[in-house]
Amino acid sequence: MKIFDTMQRRKVEFVPIEPGKVRMYVCGPTVYNLIHIGNARPMIVFDTFRRYLEYKGYEVNYVSNFTDVDDKIIKAANEQGVDPSVISERYIAECKKDMADMNIEPATTHPQATKEIAGMIDMIQALIDRGHAYVAEDGTVYFDVSSDPGYGKLSHKNMDEMMSGLRELKVSGEEQKKNPSDFVLWKPKKEGEPYWDSPWCKGRPGWHIECSEMSKKYLGETIDIHAGGEDLIFPHHENEIAQSECASGRPFCNYWMHNGFLNINNKKMSKSEGNFFTVRDITAQYDPMVLRLFILSAQYRTPLNFSKELMDQAKASYERILNCTDKLTELLAKAEGETLTAEEEAEKQKIEGFIHDFEDAMEDDNNTANAESAVYEIVRTANAASDGHSTKAWVAYLLDVIYKLCDGVLGVRTQRKSASLDEEVEALIAERQAARKAKNFQRADEIRAQLTDMGIILEDTREGVKWKKA
Ligand code: AMP
Ligand code: ZN
């Protein structure tokens, strides 16, 4: 299997540290509001990669953190007059809900920064002891970039260039740094901020140290794969390498995978720019599996531009898959025959070829775009199965193949969820009736809008509320 390694800047053969096992860390979101579909891209592409590793028989130890101490969380907490933990816990729960909707397998561990402070303090102390970090007068601890000859090896930045570019920059409050590119490991508390005791001052950790510590704690000093969006290459991942390798004296990570951006009008989707759709915005209009198919329709390193047209294409593709599995499920109940006919044997050769294409695509640096195409070929072939013609063995084989590749690896559910949609709609209608009874018309209107977004039309009739799909 080949992976494009950001550090080596080329596709390389993947060899795990321990045969049959993979240790993988993916940088997770900062939790101060609902995640957007740009944040969902790394979640979906690396979840799919993990699923493929599992399909190949690897045991994957998959760690993905929640950054729950951060300026933006503190700002949101102060604006809302609550403790920062109220904000972070709320949005961790919301994020987990989105992840479940998008059929993202829970990580082996989802560590949270605020619960790992003691380990971070130990790592910072180790860096000070080994001469890689220094304590400024106000108690801030900085990593000394000049102490690490390997600094810049991931992002391929030339240290001398970087230094001369930055030398003139005197960032206010950072005059105490030895070098402009030194970065914070620990910083003193400010009014209204959460803080922890440390040997240097009451304060909180910098962002980068959390991933170094959590990766070490849950996966060991050297890991197989570290992943995240390409905006994390510098400074976040560069700094993680510096911290981890200087603290342990060992290599930190063997393969670096970075996804390209999800763009909108060819600009990176981001919270700060305000040009984003939350996962919730999208799943109010589309099945979350459509979002998955859309995200996976591009190889993960290429930029992907969001558009309604592409979402609608993904929706049509999803319908084709569901129509196929609906039909096969129906046939399975009726069909007979435990052995394939000669014609089916020949068709099976074709399907095996498409499975091969699927695997080749996934082996070639997680090329989900080509893997999806192979699934569509399988669906096309499977659609020829018909009543009175196909054996039960053939129909069962087709369903099994689609299940393994689609549900299993791409994480795209192929079971239509009409029954649960009915339940969901009925529950919302009941809630709306109760809200109206309680004269909470605002809530009643909200529910009606939500149902409209789901493509449900309500009719108030004499016999009560009736509904239908638009
Ligand atoms: P953040 O919450 O900003 O720290 O981001 C969490 C993860 O989402 C990181 O791996 C980011 O690189 C990734 N990410 C954020 N915005 C985008 C985007 N527009 N496209 C792809 N990945 C993104
Ligand atoms: Zn990280």
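Buried, as the word is used in these legends, means under 20% relative accessible area, and the model shown throughout is a predicted one.

**View 1. The chain as a whole, for orientation.** The chain contains 15 helices and 15 strands, and its C-alpha trace spans about 80 × 65 × 35 Å along the principal axes. Of its 470 residues, 51% count as buried. Among the contacts in the chain with a separation of 6 or more, 76% are accounted for by residues 24 or more positions apart.

**View 2. Helix 6 and the residues that it buries.** Helix 6 covers residues 207-219, and its buried residues are His208, Ile209, Glu210, Cys211, Ser212, Glu213, Met214, Ser215 and Leu219. At 1.5 Å a residue, the 13 residues of this helix should span 18 Å, which agrees with the 19 Å that separates its end C-alpha atoms. Just after helix 6 comes Gly220, which takes a positive phi of about 100°.

View 3. Cys27 lies in the loop between strand 3 (21-26) and helix 1 (37-55), whereas Cys211 belongs to helix 6, so the pair ties together parts that are 184 residues apart in sequence.

**View 4. Ala247 and its surroundings.** Ala247 is found in helix 7, which comprises residues 233-248. With a relative accessible area of 17%, Ala247 is buried, because the cut-off for that term is under 20%. When residues up to four places away in sequence are not counted, Ala247 touches Met123, Leu127 and Arg130. Ala247 and Met289 are 42 residues apart in sequence, and their C-alpha atoms are 42 Å apart in space.

**View 5. The crossing of helix 9 and helix 10.** The axes of helix 9 (residues 288-296) and helix 10 (residues 308-334) come within 8 Å and cross at roughly 110°; the two helices are therefore roughly perpendicular to each other, as angles of 65 to 115 degrees are counted in that class. Helix 9 passes helix 10 in a right-handed crossing. On the side of helix 9 the contact is made by Met289, Val290, Leu291, Leu293 and Phe294, which meet Leu310, Met311, Ala314, Lys315, Ser317, Tyr318 and Ile321 of helix 10.

Technical notes: Residues numbered from 1 in each chain as written. Chains lettered and ligands numbered in written order. Predicted model: local features only at pLDDT ≥ 70, side-chain atom pairs only at ≥ 80, totals over all residues. Heavy atoms only, no water. Helix = DSSP H or I, 4+ residues; strand = E, 2+ residues; numbered from the N terminus. Buried < 20%, exposed > 50% of the residue type's maximum accessible area, 1.4 Å probe, protein only. Contact = heavy atoms within 4.5 Å. Expected span 1.5 Å × (residues − 1). Axes fitted to C-alpha atoms, helices over the stretch in contact; angles between N-to-C directions. Parallel < 35°, antiparallel > 145°, perpendicular 65-115°, else oblique. Left-handed = near helix turned anticlockwise from the far one by under 90°.
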